[in-house]
Amino acid sequence: MKILERNNFHRLFDVLKESGFDIIGPTLQDQAIVYDHLEGVEDLPEGWTDEQAPGKYRVKKRNDKALFGYVVGPTSWKKFLYPPRQKLWSAQKAGSGFEVAAEEGVPQKMAFLGVRSCELAAIAVQDKIFCGGSFVDPHYKKRRENVFLAAVNCAEPKGTCFCVSMNTGPRALGGLDLSLTEMIEGERHYFFLRSGSAEGEKVLSRLPLKDAEGGQQKKEDALLEEARRHMGRAMDTRDIKRLLYDNPDHPQWDKAAERCLSCANCTMACPTCFCSTVEDVSDLTGEHAERWRKWDSCFSLEFSYIHGGNVRQSTKGRYRQWMTHKLASWQDQFGTSGCVGCGRCISWCPAGIDITEEVKAIRADQPARAESP
Amino acid sequence: MRKESHLVEETVDPMVPRPFVVRESREETRDAFTLTLEPQEANGAPAFEPGQFNMIYVFGVGEVPVSISGDPRQPEVLVHTVRAVGGVTRALQKLGPGDIVGVRGPFGSAWPVDKAKGKDVVIVTGGIGLAPLRPAVCQILGQREKIGKFALLYGARTPKDILYREQLGQWRSNLDLQVRVTVDNATRDWYGTVGVVTILIHKARFDPANTIAMVCGPEIMMRFVVQELIKERMREQDIYISMERNMKCAVGFCGHCQYGPNFICKDGPVFRFSDVRHLFGLREI
Ligand SMILES: Cc1cc2nc3c(=O)[nH]c(=O)nc-3n(C[C@H](O)[C@H](O)[C@H](O)COP(=O)(O)OP(=O)(O)OC[C@H]3O[C@@H](n4cnc5c(N)ncnc54)[C@H](O)[C@@H]3O)c2cc1C
Ligand code: SF4
Ligand code: SF4
């Protein structure tokens, strides 16, 4: 473990830039902390924090100058690895037919600075979806291979966080290049740094670091243990797959559907949701055509359209599809939960629907079988 | 996930279609037609198994899933029978010899023709559902001696909607293939059975304890057919159905075709009924 002083933090930006990375990280825009291109330390939301609750998100000033003193906002890294709108290929008329050209742009190397542990888990989930099966999405893969992950350990979880329940945090453990813990002790402001890969080691070697002294590890452990104990929410995930598979007709689905606006905010904000649709376009001359992929949501009526009718006509059917997919069928599909406990869907739901409360309600009202061993 | 990881460096893009030339477009019924396609490049049409489907792209219009309906023993061409119902399928209907379409595939699971060896086979289809089963019929007829009794039961809306009329006639002349056709609404020139396809099931000869059933048609029709087959004492694990859902990518990325934990494009479209029974009865799944 190494120490980087706050007044040297800009060196991390320099080194990443010199290594050819476009740095992406948290920045304050329109009263929210979002991920975007960062020029330097001054673009970070220094001295800001956030407050989150079901249907509520608000930024406010802190009484210190922490650079990472908030949790996750409305955007996630997904938009950089799997863009909301992306060209898949283009086709050009030629003779009686046409020729198709794959979209082969080589994306820029990106460094994600400030990735939270739940978000590392979300990236690992999307890696499985796009690169782990019988088909590989070359668009995702090309971007993903060129990403440097600099994680930040979470010291102050907020009202909708439940990474502990989902086993994804608050400490960033695997699948990263670098991890940071921000420490503020009165006047002293510094970071603990660890590398998690050869690439991370290279970056570390170019920073003005000090060795951490004994005892300092304890301070970090205490901080993160404190975070563990202050999760805003909790979800009992025991046997959750069976719980949802066994309850497709539970009355709670009707209750959720009464509140749900089918607005799709939850799926857009969720860092693991991956559904997409395509758009075929052609130009006015009819000589050139393109196929674009766009984020889609199981909350839209057209999502399940087949000739003769939409399969999921009711909000109940759509909400049940979303939540059952997240927590149950995802496990069968990808060997992992589709929920990493980041809380975005709770904070950004205009109706304040809370996935942890929905699970609780279904669990609480079980037919007799739940009691049986 | 760096380049040196387990992933191969050069991934083929499964979203990019290959150009195929329309060799023939043949009208089957008032709204269904059969396209015969040949690859534009020299490297041949891909081999396929009965029950699999392709994504067919019409320039600038869109792409839709369509089952392969040709004879697997003639792999040099791709044959698709399509019912014109909307944007893309109507655009396909307008194509003629020499026109180009994009093709991706084949995708998905297959009818269990191999599992049928030594057993009876009963095929129950409705409407356009005969198209995805034609390759299975062809394959079985090519190894007829390996199968016991063989029944093909087909329901169409009206006599005018019967697909592959000529071929059904040829098949019927095989003394060892029971072909039965029914229509929902008869016209004056129809002397055959009238009524839904389920009424044909108890007329067919097969040994329910030793039969493989393959069922394809609208979901509601499959529901009644499966019920009837079970009433005839068939076992759920011997019944296979082919499911349909909206599909945008066919490779498990778009999420549209989810059916419970299954992606119909990868885990289906052909499912063993006993594997999906718990989903089959649910609404809005
Ligand atoms: C595995 C599979 C095999 C199929 N095999 C055949 C076949 O052999 N012959 C045949 O005629 N039809 C088949 N279909 C149905 C065919 O895909 C639809 O009729 C077609 O997509 C309708 O498209 P459209 O643009 O003409 O209609 P529109 O009503 O304009 O549909 C708009 C879009 O919705 C989607 N869509 C609509 N209906 C369906 C549907 N039933 N299934 C999936 N997506 C749909 C498509 O993306 C379509 O472009 C199959 C479907 C699936 C899933
Ligand atoms: S389902 Fe909600 S809490 Fe879970 S990962 Fe998605 S947005 Fe976060
Ligand atoms: S659960 Fe909330 S965020 Fe999701 S679709 Fe319903 S109203 Fe919108």
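**View 1. Chain B's radius of gyration fits the globule rule.** For 285 residues, a compact globule would come out near 19 Å, and chain B has 19 Å, so the two agree. That radius is taken over C-alpha atoms, and the rule is 2.2 Å times the number of residues to the power 0.38. The C-alpha trace spans about 60 × 40 × 40 Å along its principal axes. This is a predicted model, where local features need pLDDT of at least 70, side-chain atom pairs count only at pLDDT 80 or more, and totals for chains, interfaces and linings use all residues. Residues are numbered from 1 along each chain as its sequence is written, chains are lettered from A and ligands numbered from 1 in the order written, and side-chain values use heavy atoms, leaving out hydrogens and water.

**View 2. Inside chain B.** Chain B holds five helices and 15 strands (DSSP runs: H or I, at least four residues, for helices; E, at least two, for strands; numbered from the N terminus). Of its 285 residues, 59% count as buried, meaning under 20% relative accessible area with a 1.4 Å probe, protein chains only. Among contacts (heavy atoms within 4.5 Å) with a separation of 6 or more, 68% link residues 24 or more positions apart.

**View 3. Where chain A meets chain B.** The contact draws 64 residues from chain A and 48 residues from chain B. Together they bury about 4500 Å², with carbon and sulfur atoms giving 59%; this is the accessible area (1.4 Å probe) that two parts lose on being put together, summed over both. Phe98(A), Phe135(A) and Glu145(A) supply 16% of what chain A buries against chain B, more than any other three residues.

Key: Buried means under 20% relative accessible area, exposed over 50%, partly exposed in between (1.4 Å probe, protein chains only).
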